[in-house]
Structures are given as C-alpha cells and as structure tokens.
Amino acid sequence: DGVHKLVLQISDNNPQKMNTVMNVAANVSRLYSERGEEIDIKIVAFNAGLHMLRPDTSPVSKRITNFSASMPNVAFEACNNTRTAMAKKSGKSVPIFEFAEVVPAGVVSIIEYDEAGYTVVRP
C-alpha cells in the first residue's frame, strides 16, 4: 500500500526512554513527510512503560498530551494486562489518557503488527 509501518515499544518507567520513543516517532514522521511518503506509527506501552500513558503517574504528561494532538499518524496503545495488574496491586482503577487505545495485551499487539509488516523497534 506504500505506507511505511513502525511500532515503538515502551516497557520501562523511564522518562528518558519515553522521550526517546517520542523523539524517534517525531523524527521518522518528519523524514517521511519531507519525502512525501506516509508512515503509520504505533507506540505500544506495557509493563512499567504503561506509566507513560497514565495521567496520574506519567513523567512525560505534558509532552505526550501535546505530542498526541500534533501527530495524527502516531497512535498509542496501552496494555490491559498491565493495567489490570497495576489496579490489583494498588487497589484502585488505573486511568489511561483518552487518546490511547487500551488493547488486551501489548506484546500480542506487537506480535500482530510484526506479522502485518510493521518494523518493531525498542529505542
């Protein structure tokens, strides 16, 4: 279909890695845009990386909110397995930013994107 496909994984609660994921997405998006080519980017958060998509604990809250609004070709996915485990451990529900889609299992999403021709990168 002529569309480039990229999946970026975030599984660490590390602001530097979270910012790196967004930097990679922005840089790749910009390069393909300059070439007049399309890129579809998925950022999949699971394990401790789910904090990136939690408005109550995200160390990159302000940036990710602005980023999601300005990058229509980047989609965020939150692992529900991780969300459920975090809720069980804390005894309270785990909020996810409204721009992120909650998927059953982040790793399964990555596997299925790989099988669909996406390049998987863990910056």
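Q: Where is K42 placed?
A: K42 sits in strand β2; strands here are DSSP runs of E with at least two residues, helices are runs of H or I with at least four, and both are numbered from the N terminus. Keep in mind that this is a predicted model, where local features need pLDDT of at least 70, side-chain atom pairs count only at pLDDT 80 or more, and totals for chains, interfaces and linings use all residues. Residues are numbered from 1 along each chain as its sequence is written, and side-chain values use heavy atoms, with hydrogens and water left out.

Q: Does K42 count as buried or exposed, and why?
A: K42 counts as buried because its relative accessibility is 14%. Buried means under 20% relative accessible area, exposed over 50%, and partly exposed in between, with a 1.4 Å probe and protein chains only.

Q: And which residues does K42 touch?
A: Leaving out residues up to four places away in sequence, K42 touches L6, V7, L8, A75, E77, Y113 and Y118. Contact means heavy atoms within 4.5 Å.

Q: OK, on to the sheet. How do β2 and β3 pair?
A: β2 and β3 pair in the parallel sense, over five bridges; two strands pair if DSSP finds at least two bridges between them. A45 has A78 in β3 as its bridge partner.

Q: What does the chain pass through from β2 to β3?
A: The chain goes through α2, and this β-α-β crossover is right-handed. That term means that, with the strands pointing away from the viewer, the path from the first strand over the helix to the second runs clockwise.

Q: What about β3 and β4?
A: β3 and β4 (residues 100-103) pair in the parallel sense over four bridges, and the partner of A78 in β4 is V102. The chain crosses from β3 to β4 through helix α3 (residues 80-90), and this crossover is right-handed.
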